[in-house]
Amino acid sequence: MKKKLFVSLALAGVFVIPTSTRAQFAGSVVAYTEGSGVSAGYNDPTAALGAPSQVTPGEYGGPVDPFDAPYLPDQIVGVGTGGSITLQLNTLIRNNPGNPFGLDFIIFGHAGFIEDFGTGTAVDGSLYTGGTSDVRVSVSADGTTFYTLNPALIPQVDGLFPTDGSGNPLLPVNPLLTAADFAGQDLNGIRALYTGSAGGAGFSLAWAIDSNGQSVSLSSVDYVRLDVLNDGMPAYIDAISVVPEPATRTLAFASAALFLLRRRTR
């Protein structure tokens, strides 16, 4: 995986998630089966708890951005073919069409844009790693009865959009953007398209269906399960975040913005 030597910058610019927004992430692992094809050492499911990675530590680490994905075993957990992970969120995911783009939660993986090192731009919007797994996403309100999100509607888990550690992990990216929109963009251009988001793939509870493929109306859930199906490629998961309800969005976004400002002015 691509690495850059940004150690001094990483140490100087740690973005601390404020306490008021920490409840917006997964808080516990309910179940985990590694499955086949996962790289050695990437089998700690607690790596998917809490906020998405903002800095990769170590000699070859640095700030996480859309060109530099998190890659350490304590940052991401692998789920291979036949494997699954079930996480319980610290707060309810609510079905709210008033959320940005109608999206209710966001899954962060480990994909990154392939970079033209001569120009510092995304080559053609394609990704290195990530975005290759056939993942079934299911949700539940009680941890027992799960409903699948319509596979015809969901984005690829661990695909677009690569994580930007300097962005807001509670704000989804416009899902109408495609890889082609990012072709030739440098980091500033990618961030302009993200409009303040930290990236990740956005999902809506409105896509829930039952075993007969019929739509199911879910008001809220707090369990998310990911099952990797039979394509032989593992998925690597960093975090899940809950898009805040309108009543709490201003406070949550303001808290995140305050800490981002502190990070950028250090």
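Trainee: Trp 207 first: is this residue buried or exposed?

Mentor: Buried, because its relative accessible area is 18% and buried means under 20%, with over 50% called exposed and partly exposed in between (1.4 Å probe, protein chains only). Keep in mind that this is a predicted model, where local features need pLDDT of at least 70 and side-chain atom pairs count only at pLDDT 80 or more, while totals for chains, interfaces and linings use all residues. Residues are numbered from 1 along each chain as its sequence is written, and side-chain values use heavy atoms, leaving out hydrogens and water.

Trainee: How many aromatic pairs are there?

Mentor: In general, you describe a ring pair by the distance of the centres and the angle of the planes. Rings of Phe, Tyr and Trp (its six-membered ring) pair if their centres lie within 6.5 Å; planes under 30 degrees apart are stacked, over 60 edge-to-face, the rest tilted. Here the count is 7. Phe 161 and Phe 182 make a tilted pair, 5.9 Å centre to centre with 55° between the planes. Both are buried.

Trainee: And what kind of pair do Phe 203 and Trp 207 form?

Mentor: Edge-to-face, because their planes stand at 70°, with the centres 6.4 Å apart. Phe 203 is buried too, at 0% relative accessible area.

Trainee: Which residues have the most contacts inside the largest nonpolar core?

Mentor: Generally, nonpolar side chains in soluble globular proteins tend to be buried together. A nonpolar core is a set of buried Ala, Val, Leu, Ile, Met, Phe, Trp, Tyr and Cys residues joined through side-chain atoms within 4.5 Å. The largest has 33 residues, and Phe 105, Val 137, Leu 149, Phe 203 and Val 224 have the most contacts inside it. Another core, of 9 residues, lies apart from it and includes Phe 161 and Tyr 194.
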